[in-house]
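Thanks for coming, everyone. Let me put the structure up, and then we'll walk through two spots.

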Amino acid sequence: MVPASRPDPAAETAVRFACVNCQAPLEGGKLDPHLCGACGFPQPLFESETPFTLLGTRPLFAQDEVALRGRFYELSRALHPDRFAAASTQARLNSVERMSRINEAFRMLRSPKLLREAILELHEVGEQVKTPGGPRASATSAKGAPPIELAEAWFELQDAVLDDPQAAGAKVLDFEKDLQKRAEQDHQKIVEQEKLFDASEGMDRVALLEISRLLREQAYLESMMRDVVRLRERLAGTPTGALA
Amino acid sequence: MTSNTHEHAAPGGPIVGIDLGTTNSLVAVVRNGVPEVLKSREGERLLPSVVSFVEGKPVVGYQARRNKVRDASHTVFSVKRLLGRGFEDIAKSSSQLPYEVVPGEGVIRVKVGEQLLTAIEISAMILRELKESAEKALGETVKRAVITVPAYFNDAQRQATRAAGRLAGLEVLRIVNEPTAASLAYGLDRQKQGLIAVYDLGGGTFDVSILRLEDGIFEVLATNGNTTLGGDDLDRIFVAQAEQDIREKYGSNILNDINLKAALIAQGESVKIALSSSEWGVFQVTLPNGLTYERPWSRGEFELQARVVLEATRAPCLQAIADAGLSVADLSDVVLVGGPTRLQVVQQVAESIFKRKPNTSVHPDEVVAAGAAIQADILAGNTTDLLLLDVIPLSLGIETYGGLMAPLIPRNTRIPASARETFTTFMDRQTGVDIHVLQGERDRASENRSLARFKLKGIEPLPAGMPRIEVNFLIDADGILQVAAKDLRTGNEQAIEVRPSFGLSDAEVERMLAAQAESSESDKAFRKLVDARTEAEPVLRNTEKHLEKARKLLSPEEFARVDACVRALRAAMAGDRPEAIVQAKYALNAATVRLAELVIADSLRQAST
């Protein structure tokens, strides 16, 4: 089964297939392309299906949760493996595969974080840098270029702590507040860029690049925040890692 | 609920729903769209999950339960607590059981009389009894079932339940979570919609599930629980106190007596039940030294201690609500399930957790079996307007370098589910990787449950971090996990279906099935024998009662015939051939027709004079 044309992943595609079981064309049906309208056979997953096409929604940041759930329930009713308990092995297998992907898609599209990742992946933006960080290869790199001014402030702070640990306490707190403020600002910026992207009907690639950059920066801020908290606790005499 | 005409007409016969409980078990089936509990062969709706060995043969149910104290060394109960567990898992709780638990290869075994049996084998005996009860009630062979388990059962415990089903001659079409099954029965009438919590406190397990009910869809949002907390633990309050008192007075040796242990547990249960309807109860046992231990309990005193035990249900409830992304106020109903939820103190604790009066309208003992029957009917294709969307209770992942667990599928993920992730090597020129599949929520691999281990070989010898190994997880609607690992460079692939570490291997189940084919023949024969004896006994007793009268009423020849028949039946009953007993019984019946007439006539005559 090969789609008739390689679809543009970002666009709503109208790909036509034929049923693997009865060869009837899969088109125009309410459950197309999940289930053959003619013979009710669950179709295997096609390469081109994304979380968005699976749930019949547009790849934008604003998602209507009620509509998503309605579609998810509708698909579950028709495709769940319980409906194919007595069907052929192939039908059961297709149902399990399709339903597991639909479950995954439903989870992704309702989580802002996972939705962001899905849209970026769809547009191949902010490539998931696979680093050999131990046997787990898929950790996305958080080691993007740090904001210069923050990195400098961080080094100064550490020097200050070495010079006079007593006096540095207040500085550490201030720095922590700065980081928090910065993280909140970044979050606001991400939301703004998401709105721009949605307003452009998914055409604004620059917005995606900016979102990707902001996400890397956020990851950097988070790891710096952990270091600062550790430093503050050390100054306060709390043994580090005591809560681990 | 739709239900078409060819119900049960499906090849393979009816599919029953079974609630295999710690304390009691039930079997139910959907007939004409309505779930119905089928009576056991003892004529009861509940089958106590107790197995007693009478003359070496298993007897299940109330009859076995009576032997808990009378014949403690040949009677086992609460085996669900041992199902799918390793010896270390139960080392703590086994000391509370009056039977001996023996570590074995992979699986633990229970010592019953001279026999060593696994929890799977004992559970299979209970399931077989349910299967036969259902067959008697339905008048047809039952080969397929849906069996419920606590939602928080891990993979090994589920696999062990499945193996028990197979051993009992049942094809287990689905393992369903108990609180989810309960929700199916609760929401069957479609009147109830919205977000609900099911608080399920069984004999030995606690589960909580949060669900969304909408137009026939039962969507589990989150589940949590504790597989070692149950109503039994409330009985323990009395037992622990009694043990302490007895030890102080008579020393601890006396407590090693197995019959005393059983008596203490039985008393604990009955005092708990007494206190549910009255303000006072008395715990009373006769000690092996002939003395009596007696202690009065007030309901208030019990409830105070019970609250401490039941507090342990709070954290799982709050975690489940949080995992569902909800707050307590979002819930529109809290459904109580399980026998112990009849206790007021349990209802009060549930109320304090959920900040609302819990719903006690469902039948706490029967609702799970009813739900299992509904799921069975869904799988049979009869019920098409209801659908259960369930989740996995515990995260699944693999071990990575440094002994850490990398979760691939987080807990509360809807099933079926799949996940892929790419891993790499840690050492230069490494040509194989160990894939260690884990289940649990802890960061450290060693603190989670090990489900399986396999090796992916033939990796190209490259510098560390270069190879790309894709690990694929697929969980079907049954919660059965398949793991595949693939070297993306060479295309070399290795896949396994996850098998339990603490359950039984396929080979072991096969071996047991084979052994059982023989023993089930002898079991059946034994049952026939007991049945024949039971039926013959009143006939014999009745005749013996009138034997003196018969000597007067009958001719010598007639009397001699009756007397010979009585002797023949007595002899047959002492033997072990059921056919002989049945024949002798018929012969005696035939021989006493005239005697019966004469006896009646005689008594009428006496009455009229």
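**Where the chains meet**

Start with one pair: the side chains of Asp82(A) and Arg174(B) form a salt bridge, 2.8 Å from N to O. By salt bridge I mean a side-chain nitrogen of Lys or Arg within 4 Å of a carboxyl oxygen of Asp or Glu. Chain B and chain A have 2 salt bridges between them.

A word on the source: this is a predicted model, where local features need pLDDT of at least 70 and side-chain atom pairs count only at pLDDT 80 or more, while totals for chains, interfaces and linings use all residues. Residues are numbered from 1 along each chain as its sequence is written, chains are lettered from A and ligands numbered from 1 in the order written, and side-chain values use heavy atoms, without hydrogens and water.

Now the whole interface. Chain B gives 39 residues to the contact, and chain A gives 26. Contact means heavy atoms within 4.5 Å. Together the chains bury about 2,700 Å², with 54% of it on carbon and sulfur atoms. Buried area is the accessible area (1.4 Å probe) that two parts lose on being put together, summed over both. In chain B, Leu387(B), Arg414(B) and Pro416(B) lose the most area to chain A, together 20% of what that side buries.

**Inside chain B**

Next, two helices, taken as DSSP runs of H or I with at least four residues, numbered from the N terminus. Which residues of H9(B) meet H10(B)? Arg314(B), Cys317(B), Leu318(B) and Ile321(B) do, against Ser352(B), Ile353(B) and Phe354(B).
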